[in-house]
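Subject: Structure for your review

Dear colleague,

Please find below the structure that I am handing over to you, together with its sequence. My notes follow it.

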Amino acid sequence: MSKNQMDSFENLSDQEARVKLKEIAEDCRMCMFVTNLSSVPAASRPMSIQEVDDEGAIWFISSSDSDKNKEIAADNRVQLYFQNNGSSEYLSIYGEASVFTDKATKDKYWTEFANAWFTGKDDPKVTIIKIRPIDCYYWDTKSGKFIAFMKRSLAALTGADVDDDGIEGKLKI
């Protein structure tokens, strides 16, 4: 393994891991939210996050009558996939989901954008889903997508080794 390949792994834990998770997830804003993990194919849908809190939990608004909520009630294990093409950031999170229906939690995470699916934050179908990360893995670039592309292009043209500035690793929350 070359020095560059060895330097491309950086496992993070505790506060550093929470900061990295929050940075990537909130930059992406959208993820593929996968439930029913024991079935093939698993159920997947795009979801917009409301927040990544200081503990690394990811929060979503959802409907109580959605398939997603029903699947979480049967098995709370979920997988989230984030992709930010603009800066070549990727994040995979395996975690456990909890569904909240209390007014305080709804008030905290409600946005006017959700009115497209509900009749307001007092709609009885409004639920808030919290994902507690258990296993996380990220992929990132140190200098951004454009610079990484230019380095790979130059290496392809010259035949030189790629000075890959990609970095990846586990996030221990």
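Predicted model: local features only at pLDDT ≥ 70, side-chain atom pairs only at ≥ 80, totals over all residues.

Residues are numbered from 1 along each chain as its sequence is written, and side-chain values use heavy atoms, with hydrogens and water left out.

The largest pocket holds about 330 Å³ of space. A pocket here is an open set of points on a 1 Å grid over the protein atoms alone, where a 1.4 Å probe fits, with protein on both sides within 12 Å along at least five of seven lines; lining residues have an atom within 4 Å of a point. The volume is the space filled by probe spheres set on the points, which are joined across faces, edges and corners. Of its 14 lining residues, Met-47, Ser-48, Ile-61, Phe-113 and Trp-117 are the closest to the centre. Strands S3 (43–48) and S5 (58–63) are the elements that give two or more residues to this lining; strands are DSSP runs of E with at least two residues, and helices are runs of H or I with at least four.

Strand S3 also pairs with S2 (residues 30–35), in the antiparallel sense over six bridges, and Met-30 stands opposite Ser-48 there. Two strands count as paired if DSSP finds at least two bridges between them.

In one of them, the closest N and O atoms of Asp-140 and Lys-20 are 2.6 Å apart. Asp-140 lies in strand S8 (residues 126–141) and Lys-20 in helix H2 (residues 14–28), so the pair ties together parts that are 120 residues apart in sequence. Both residues are buried, that is, under 20% relative accessible area with a 1.4 Å probe and protein chains only. Lys-20, Glu-23 and Asp-140 are linked in a network of salt bridges.

Glu-71 forms a salt bridge with Arg-45, with the closest N and O atoms 3.0 Å apart. Because Glu-71 lies in helix H3 (residues 67–74) and Arg-45 in strand S3, this pair joins parts 26 residues apart in sequence.

Yours sincerely

Note on methods:
Salt bridge = Lys/Arg side-chain N within 4 Å of Asp/Glu carboxyl O. Buried < 20%, exposed > 50% of the residue type's maximum accessible area, 1.4 Å probe, protein only.
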